[in-house]
Amino acid sequence: MADITISHLVKTYPGGTERATDDVSLDIADGDFTVLLGPSGCGKTTLLRMLAGLELPDSGSIAVGGKDVTYLPPNKRNMSMVFQSYAVFPHRKVRYNIGFGLSMAKKPKEEIDRKVAWAADLLQLGPYLDRLPAQLSGGQRQRVAVARAIVMDADVLLMDEPLSNLDALLRLNFRSELKKIVKDLKTTTVYVTHDQSEALSLGDRVAVMRKGQIAQLGDPLDVYDAPADRFVGGFIGSPPMNFIKAAVSGDGGALIVGDQRLRAPSLLQSYSSTDVLLGVRAENVAVDTQRSSGDVPGTVLVVEPMGSSILLTVEVEGQTIKVQAPPTFRTSPGSTIWLTFSPNSMRFYDSETAMALVAR
Amino acid sequence: MTTTQTKPLAPQPDVDTAPLKRLRRDRALLQAACIVISLFMLVPIYLISLAALSTRESLNDFPLSLLPTNLSFETLGAFLGSTGILGAFGNSLIVGIGTLLISALIGIPAGYALARFAFPAKEPYQLFLLFTRALPIVVLSVPLARLFLTVDLYDTTYAVILLHTALALPTTILISASVFLSVPIDVEEAARVFGCTPAGAFLKVVMPMALPGLAAASIFTFVMSWNEVLGASILTLDHRTLPAQVLTSLADSPLAYRFAGGFALVIPSIIFIAFMRRYLTNMWGSTIR
């Protein structure tokens, strides 16, 4: 168990011109579960592999528990890792696979047996200990990979998209199981994923990455509620955050969307007469078939029942947004509905830099 | 039939069995072709074995008995007892195993490097490897014979081992490179993260996974060495390998001797393949039967 300090890490792959990680700095507290989230090619896996020692950075440093490990070989780092492809050893039985790290560390046999039994019990692998990985299902193989990683008492537990090869239902079940296991272990964990729902559900903190840099780092709910820029808002959430072109009125008191005027929050006082982007989540837009005060009319384009809710695609003042309506809401394409944006859930972004506006 | 049914069923067309018959005929033809081809391969081996294991007199019988009625080890015994044969047999084994070991020692790391690392001139290197095989063995052997004469290696099994290693290396390297490519790099990385040194990861994880493929490469090497005759005849005089020895004495030998020689040449290769076959087909508990 240890904290991690990553500072100014730069890595360019040979033959590439773009930096895979571009001056990344990140502090991870002891026992934290940090998720690196981003689209493919954003550098999240590169960052993880540099933590593991499987790639070496061009510059910058990594320290674990106050000790520099930047150029240390993987076997000297006391880390354990769960791979996307499971990477279990196909020629050895499950028991050997789980105990592999311990026997490499030359732990006494009795301790290895005890820990293997403990991990097998925790991950429901007890009946399979004497099988070969080829005789297991994909989900069970992934359990073996997790068991192999957690028996290690490593300083840091690294996970590289461990759930992405599992089918949807299994992934959902194993996700909560994994969260509980890691919470009980209290090991510092770095988890890489491109799945935003995994990131939100698992992480103590989420680092959203884009083009080799960290776009936003924070509590999952903060990242979801108040994205630092348009990219983060668009990447996190399903459906992604709506972004509506709007302008602040000359006196700063009203937000103008097309022909409609909304009351502007006080934040916008200092941005009078500027174009802004209004960011609002689909579930933060109230819908009604009747007009009440302060509402904005919209035309329904698509109706998608999702079971627990109905997802509407609505055209508002020439812009298309997604709105989440309660499952009892009845409407059909072409009809007009009235939308209310709740003032507390509106976020504002600079129309050019797409960065969140702050009071000034 | 239930009473609620009001509309009668449409008349069912007659079953057309022609496609089924065609399928059965094709299968039968395929089986027949397999049997014919197998016989083409197996009958000579059977006849040689039969002749080698028959008495010398029965070879001259007419009509020749096609069943092993006159089994005897007399012919084979005479063959093995004739001058130089046992020695040549030993030489062949030494050369075959020596070639296998040295080419594995050099070829497996080279194949691993080809599979795992990017280095300058990798493509030309692979092409260049094959050039050794592009040269006829005679062209290689004559300058080698001169070289070995000067360094006092001429007429030793070492000389033949070196030649056979040179001949086997290209295939050993290329086969083992493709074998290592099929071992996922993740598994090796996992071994590294869980505490292995690079050599440890190679020996504990990569090698066992690559073993079936490497066994195939070594069969290839051994059989190549066992059967190679031209280079071995040029590079040795008194320390011939079995094929070279048999070849030189073939022309002026009795018929029985030739059969026994052929038998002795075929059998070790077959035994070796049968032994290594386990590694070829028995992969990670899923035996191909």
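This tour moves through chain B, across to chain A, and then to single residues of chain A.

The model is predicted: local features need pLDDT of at least 70, side-chain atom pairs count only at pLDDT 80 or more, and totals for chains, interfaces and linings use all residues. Residues are numbered from 1 along each chain as its sequence is written, while chains are lettered from A and ligands numbered from 1 in the order in which they are written.

**Chain B as a whole**

Select chain B to begin. Chain B has eleven helices and two strands, where helices (H or I, at least four residues) and strands (E, at least two) are DSSP runs numbered from the N terminus. Followed from the N terminus, the order of elements is α-α-α-α-α-α-α-α-α-α-α-β-β. Of the 289 residues in chain B, 31% are buried; a residue is buried if 20 or more other C-beta atoms lie within 10 Å of its own, exposed if 12 or fewer, and partly exposed in between, with C-beta atoms placed from the backbone. Among contacts in chain B with a separation of 6 or more, 73% join residues 24 or more positions apart. Two residues are in contact if their C-beta atoms, placed from the backbone, lie within 7 Å.

Colour chain B by domain next. The assignment gives domain 1 (22-75) and domain 2 (83-250), with bounds that come from an automatic or database domain assignment. The C-alpha centres of domain 1 and domain 2 of chain B are separated by 34 Å.

**Helices 3 and 6 of chain B**

Select residues 85-116 and 157-181 of chain B, which are helix 3 and helix 6. Their axes come within 6 Å and cross at roughly 35°; axes are lines fitted to C-alpha atoms, for helices over the stretch in contact, and angles run from 0 to 180 degrees between N-to-C directions. The crossing of helix 3 and helix 6 of chain B is right-handed, a term used if the near helix is turned clockwise from the far one by less than a right angle, left-handed being the anticlockwise case. The residues of this contact divide into 18 nonpolar, eleven polar and one charged. Here Ala, Val, Leu, Ile, Met, Phe, Trp, Tyr, Cys and Pro count as nonpolar, Asp, Glu, Lys and Arg as charged, and the others, Gly among them, as polar.

**Helix 7 of chain B**

Move to residues 185-193 of chain B. Seven of the nine residues of this helix 7 are buried, so helix 7 is largely enclosed by the rest of the structure. The buried residues are B:Val187, B:Glu188, B:Glu189, B:Ala190, B:Ala191, B:Arg192 and B:Val193. Against which elements do the buried residues of helix 7 of chain B pack? They pack against helix 1 (44-52) and strand 6 (79-82) of chain A, together with helix 8 (198-227) of chain B.

Display helix 8 of chain B as well. The axes of helix 7 and helix 8 of chain B come within 9 Å and cross at roughly 135°. That angle makes helix 7 of chain B oblique to helix 8 of chain B; angles under 35 degrees count as roughly parallel, over 145 as roughly antiparallel, 65 to 115 as roughly perpendicular and the rest as oblique. Helix 7 of chain B contributes B:Val187, B:Glu188, B:Ala191 and B:Arg192 to the contact, and helix 8 of chain B contributes B:Ala201, B:Lys204, B:Val205 and B:Val206. By class, these residues are five nonpolar, no polar and three charged. Just after helix 7 of chain B, B:Gly195 takes a positive phi of about 110°.

**Between the chains**

Show both chains together. In this interface, 20 residues of chain A are in contact with 17 residues of chain B. On the chain A side, strand 6 and helix 2 (94-104) are the elements that give two or more residues. That side has 14 nonpolar, six polar and no charged residues.

**Chain A: domains and single residues**

Chain A is divided into domain 1 (4-235) and domain 2 (242-350). Five residues of domain 1 of chain A are in contact with five residues of domain 2 of chain A.

Most residues other than glycine have a negative phi, and most peptide bonds are trans.

- A:Tyr86, in the loop between strand 6 and helix 2 of chain A, has a positive phi near 70° and counts as buried, with 25 C-beta neighbours inside 10 Å.
- A:Lys211 has a positive phi of about 50° and is partly exposed, with 16 other C-beta atoms within 10 Å.

End at A:Ser345, in the loop between strand 19 (336-341) and strand 20 (347-350) of chain A. A:Ser345 and A:Asn284 are 61 residues apart in sequence and 6.5 Å apart in space, C-alpha to C-alpha.
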